[in-house]
Amino acid sequence: MYRLVRVAFCCGILALQGCAERASSPERPVATSFRHYAAVDDARLRAADANADQWMSHGRDYNEQRFSPLARINVDTVKTLGLAWYADFDTRRTQEATPIVVDGVLYATSAWSKVFAYDAKTGKSLWNYDPKVSGEWAVNACCDVVNRGVAAWNGKIYVGTLDGRLVALDGGTGNVMWNVQTTDRTQALTITGAPRIARGKVFIGQAGSEFEQRGYISAYDAETGKLDWRWYVVPGNPANGFENAQMELAAKTWGGEWWKIGGGGTPWDAITYDPATDLVYVGTGNGGPFPAEIRSPGNNVNLYVDSIVALRAQTGEYVWHYQMTPHDSWDYDGTQQLTVADLTLDGIRRHVVMQASKNGFFYIVDTANGKLLSAQPFIEDINWASGIDLATGAPRINPQARYDRTNQGFIVNPSPEGAHSWHPMSYSPQTGLVYIPAARRNFPMVAEREDDNPMGQKLSVSFAKGFALYNRPEVHRFNDGFLVAWDPVKQRAAWSVKFADGGRGGGTLATAGNLVFQGNVNEELAAYRADTGEKLWAAPTQTGIVAGASTFEVGGEQYVAVVAGSRSGGNYYSPNYSRVLVYKLGGTTQLPPKVAEPVRVLNPPEAFGTPERIKHGEETYNRFCRPCHGVQTENRGAFPDLKYSAALNSAELFKTIVLDGALAQNGMVSFAKAISAEDAEGVRAYVVSRAIEAQQKAALAPAAQPGAPH
Ligand code: CA
């Protein structure tokens, strides 16, 4: 307590001195509040370039360009970039947050929606906050218990929690100022995205399209937590009346009784406030379940899923929308970052919003009316659509890709992982390029109705049948990661960097030092020349990086901050080195050595069960276990690899975990609502068969010889 008071006092003096200096300089507006922490307001955010030493909001400025005017770290100096400080998190889960920096304090979140505040120069911990999300809530998350960061406004720090709360914290102490539930706690809804703030309102969505939910975006008063407005993405039951005219129109684009299965559309990441138009642009999620004809038979344009929707910030009133993926059956959420810029297209200066969509096309939309201006593929071999009709804005969908209609499986590129997902992209006005963490991967989709699924994801696709298709010898499988530097005016890539062997890059940061920073799953943070893609620098990070970096200045020194922590392989039971890493020129801090990987041995019991029972076990596994433990039990280390589980050797122990919930606090809840003891035993038989297969494969593999190529 004493330490906190002392820190608050010292920083208070500094902040006051800072205010006095800035007050005399009109191009550096400061917060009107007298609070000393998290002093962010509209004037200061509008002048984000004049406040280049700060990183005050998720995408740095309102436009979410993730371009910093700072240039002390540049193509000439970056070679001396070294670690200034690091701070460990207490979790092995995936980390996705962008660090926010306001007046020398760095705020980051970890998995489980925990918030950490540090002295940005030294890394000294100032406070932290744990919303104490129950471990059992993990079963409601499609894609791990992640969090993408905080918002700062008028003395407070805001975080959305995995269990659907929006919490305002005192920026100086981390004490809770208010805490509101934004979702129905009886439903599988989660918040993983960062809140955005403008006009004194906190904008927040949620995830849940994979769980038969109905998405919406809300605006809360930043001071009181009172709900100001809410806008639903998809229509509800017409019998109950519609909330507004748009829902009535949208209902005409749906078929069957979609409201019984929610419809989806959850806006789980992109929200951009545009001060030039006073609009909020929202990226909406996919329809659920995946196959359009199962979700919405006979009529499935399905507004407003997979769209950019523009709403008045003050009232939530609809203004326009552009839908990227009508008839979506491929999980093509439209939730990727929405970046606002002024571009000259065909000789006309336009104020546009840009998105590198999950569906593989780079969209440029006019903010004046939502009209599509440009849409070209930023990766190769897209096969769900042959192109986008600029006159109507509609994709030319490949009839074969409509596996929901043909009842034949289809191997689609991009995969449901997306050609680009939530990983932040950046736009440099200096080079005119957008830096996209991209992927080219194909994936099998086979429709299979799931009518009665009491818990977990409800996708209505069969992974077992999909992989039977995908594993045929004539299928050309590909899985490549790229950093693509996209020229939005010329509508083509200026350069790209390819990662080896299924590798992926994380979020990107562009700077006036002619640099692009990007972490990757190969356990490094790297810097590239922004104009050419030449790799100039990299530091080993001991763990994969998927989050986007930020940069700031304190005391005349520029820093680059990133949150690390993800796996692309290895053992869940080893640490994944989840940390904040902060670099500066001449930094000499060393990370402690990695610990040895715990040894794991495949030790399954004898195979048991008839082929039918194993097959049934595989189906049960795919419905309930796959979302965490991975397709065909291959989960790349983010969750325990069940093939190595000691519980495989005991029907009783397996049942204690799967049906009695012995590991519920770790997120492994009881599935007794959904499956019987017989089903559980079938899952055990299936996983045992996979473990034996892996054991045989390992025995056949030639032992690595020292010095031999491998
Ligand atoms: Ca999705």
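The model is predicted.

E210 sits in the loop between β12 (201-204) and β13 (216-221), and D333 sits in the loop between β20 (318-323) and β21 (339-345), so the pair ties together parts that are 123 residues apart in sequence. Are E210 and D333 buried or exposed? Both are buried.

**The cysteines**

How many disulfides does a search of the whole structure find? It finds one. The partners are C142 and C143, with their sulfur atoms 2.1 Å apart. The torsion about their S-S bond is about -105°, so this disulfide is left-handed. C142 is partly exposed, at 27% relative accessibility. C143 is also partly exposed, at 48%.

C625 is in no disulfide. Its nearest cysteine sulfur belongs to C628, 9.2 Å away. C625 counts as buried, at 17% relative accessibility. C628 is in no disulfide either. For C628 the nearest cysteine sulfur is that of C143, 9.2 Å away. C628 is partly exposed, at 27% relative accessibility.

**Backbone spots**

Two cis peptide bonds come next. One joins G288 and P289. P289 lies in the loop between β18 (287-288) and α4 (292-295). The other joins L303 and Y304. Y304 is in the loop between α4 and β19 (307-312).

| Cis peptide bond | Omega |
|---|---|
| G288 and P289 | about -10° |
| L303 and Y304 | about 0° |

Q491 has a phi of about 60° although it is not a glycine. Its place is the loop between β31 (479-487) and β32 (492-499). Q491 is partly exposed, with a relative accessible area of 31%.

Y577 has a positive phi of about 55°, and it is not a glycine. Y577 lies in the loop between β38 (557-564) and β39 (579-585). Is Y577 buried or exposed? Y577 counts as buried, at 11% relative accessibility.

Key
Residues numbered from 1 in each chain as written. Predicted model: local features only at pLDDT ≥ 70, side-chain atom pairs only at ≥ 80, totals over all residues. Heavy atoms only, no water. Helix = DSSP H or I, 4+ residues; strand = E, 2+ residues; numbered from the N terminus. Buried < 20%, exposed > 50% of the residue type's maximum accessible area, 1.4 Å probe, protein only. Disulfide = S-S within 2.5 Å.
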